[in-house]
Amino acid sequence: MSGRSRLQVLRWVVLALAAAFFLVPLLAMLDFSTRTPTGGRSGEDWAALLDSPPLVRAILASVQLAALTAVAVIALLLPTMLLVTLRLPWARRTVELLCLLPLAVPAIVVVVGIAPVYAWVTYLLGGSSLTLVFAYVVLALPFAHRALDAGLRSIDVLTLVEAARSLGARWPTVLLRVLLPNLRGAVLSAAFLTVALVLGEFTFASLLSYDTLPVAINAVGKRDAGVSVAASLASLLVAFVLLLALSLLPGPGERARRRGRLRPSPTFRSPR
Amino acid sequence: MRRAGAGRAGLLAAAGLLPFAAVVVLFLLIPTVVVVVGALSDDGRPSLSGLTAFGDPTVLRAFARSTWLSASTAAIGAVVGALVAYAVATGAPDGVLRRVVTSACGVLAQFGGVTLAFAFIATLGVSGVVTLWLRDALGVDVFANGVWLFDMPGLVLVYTFFQVPLMVIVFLPALDGVRPQWREATVTLGGSTWQYWRHVGGPLLAPAFGGSALLLFANAMSAYATAAALVSQGAPIVPLQIRAALTSEVLLGRADLGQTLALGMVVVVVAVMVAQALLQRRTSRWVAGSAR
């Protein structure tokens, strides 16, 4: 018993110290962005987020880019993974490896070599910051793959598809009305992670000279640190809310539990 | 006949992989190949002359500093992160605490970047909240020996802000794999808490701990955004040297230097990731394997 209570004390001491280390800078950001030189309070730095035209443009660009990348990465990866699960099991390891590769090759290395590719992209599609979507889809692959893979493992894709097909459903129906509803959690989680990633990405945008939110935060910070701190805190909070909302979504296991099934039967997993 | 049909259908199905393959090839593999080929050639011919850059003292110092920064923040991150992960893992698996901690860790570890630099400018910058408070309330000048926040000590401090959370995220699954039966078996055999950690828990978790620490090392080595926002003058570490090489307009031929530096970085990071993958395999033999 004494060992147990000692463990509890240790646990809370560790958590309290960690919370202090991580909360102090966040509270300092709030204080820093609302104080005035005379010691009063003002919301000016926060108002600037929606007043200053370059910041507003950057926020809009980042939000559009985030939405576009989330849609693109799911539209690219989900059909690919379904195809691999249903028809091409031999390609599973390769697809997984390729999806994890962006974790091993540093973004800054890719930026160094991507100039010739982006010269073509700019030539064909123009110089809008939305063209970053291609680079961001690749950056998002590890996160999206992990999320979608967990979703695909929790349902029996083959049985669902065969059942739907044998009842006469066409492929679009199978995809949109049978598989997608079953994968809603996984798709949402892939989308949220991608949005959080894109809203914070700096390496590509800055070195390829596109004005996204993090690039603008950095540029504004050279003149007015208060506004940048406000924008930084805001984007950290947005990402936190996205991820917290994600953790509150019922996972595949939870849904099964609620249905009264204690654990997924072994056949309910695609073979590895 | 039947076989040919299946073959054709198989080919058609394989063609469905083309969009995915095209994106990965164009935006990940070609850039990587461009870097490697560019670093190992000169005017289109294979050449090792680019590698002479590794004899340049500035470049060597940058690699040494990057390695030191990655190693020290990986060590701090691994130890502190493991403790926090343990404190979280011993709580309720679906509890509020765990959800909040893992979400916060996810944000700081993976999506922080530039914002973390500004968090510390607000906290410990020249007119940061904590800097001013220490000066006014306690009479302590944290920058008595110069403004260290925008140099190596500052980078170490700010990097721990994403290294610790990353450790929590990657080490939690290993701790979740620890089975209460191991502890019970130790206690049944008369073992103490110390003996459990020394002979059972410690050795079982060691590969996961080592693998996570290596992942942290690679993560710090490749990080760019936080350092770029914090350090605007000079280029103490490799990613910032690459920035200098890419954005320099005065010196021609600096793009080659960028490719050489990038190749050096790839070599270090890939070596570390391979070691990490090997350790991961060892981990799963026990911690995840026990669930089989």
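Trainee: What pattern does chain A follow, read along the sequence?

Mentor: Chain A reads α-α-α-α-α-α-α-α-α-α-α-α-α. Keep in mind that this is a predicted model. The count behind that pattern is 13 helices and zero strands. As for extent, the C-alpha trace of chain A spans about 75 × 70 × 30 Å along its principal axes.

Trainee: What makes Arg93(A) and Glu96(A) a salt bridge?

Mentor: Look at the closest N and O atoms, which are 3.5 Å apart. The cut-off is a side-chain nitrogen of Lys or Arg within 4 Å of a carboxyl oxygen of Asp or Glu, so Arg93(A) and Glu96(A) qualify. Side chains of opposite charge can pair when their charged atoms come close.

Trainee: How are Arg93(A) and Glu96(A) placed in helix H4 of chain A?

Mentor: Both sit in helix H4 (residues 92-104) of chain A, and because they are three residues apart there, about one helical turn separates them. Over all chains, the search finds four salt bridges.

Trainee: How many of these salt bridges are found across the interface of chain B and chain A?

Mentor: Zero salt bridges there. Polar contacts are another story: four residue pairs are counted between chain B and chain A, with both residues at pLDDT 80 or more. The side of chain B that touches chain A divides into 52 nonpolar, 19 polar and three charged residues.

Trainee: How many residues of chain B are in contact with chain A, and what area is buried between the two?

Mentor: 74 residues of chain B are in contact with 74 residues of chain A. The buried area is about 6,100 Å², and carbon and sulfur atoms give 82% of it. In chain B, the residues losing the most area to chain A are Phe20(B), Phe27(B) and Phe111(B), together 14% of what that side buries.

Trainee: Why is the pair of Phe21(A) and Phe161(B) called edge-to-face?

Mentor: Start with the distance: the ring centres are 5.5 Å apart, and rings pair if their centres lie within 6.5 Å. Then the angle: the planes are at 65°, and over 60 counts as edge-to-face.

Trainee: Now for chain B itself: what domains is it divided into, and what separates their centres?

Mentor: Domain 1 covers 1-39 and domain 2 covers 55-290. Taken over C-alpha atoms, 35 Å separate the centres of domain 1 of chain B and domain 2 of chain B.

Trainee: How do you know that domain 1 of chain B touches domain 2 of chain B?

Mentor: Contact needs heavy atoms within 4.5 Å, and five residues of domain 1 of chain B are in contact with four residues of domain 2 of chain B. These domains bury about 410 Å² between them, 76% of it on carbon and sulfur atoms. Val35(B), Val36(B) and Ala39(B) supply 73% of the area that domain 1 of chain B buries against domain 2 of chain B.

Trainee: How many salt bridges and polar contacts are found between these domains?

Mentor: Between domain 1 of chain B and domain 2 of chain B there are zero salt bridges, and zero residue pairs in polar contact with both at pLDDT 80 or more. On the side of domain 1 of chain B that touches domain 2 of chain B, the residues divide into four nonpolar, one polar and no charged.

Notes:
Residues numbered from 1 in each chain as written. Chains lettered and ligands numbered in written order. Heavy atoms only, no water. Domains from an automatic or database assignment. Buried area = accessible area lost by both parts, 1.4 Å probe. Polar contact = N/O pair within 3.5 Å; in protein donor to acceptor, adjacent residues only side chain to side chain. Nonpolar A, V, L, I, M, F, W, Y, C, P; charged D, E, K, R; others polar. Phe/Tyr/Trp six-rings, centres within 6.5 Å; stacked < 30°, edge-to-face > 60°. Helix = DSSP H or I, 4+ residues; strand = E, 2+ residues; numbered from the N terminus.
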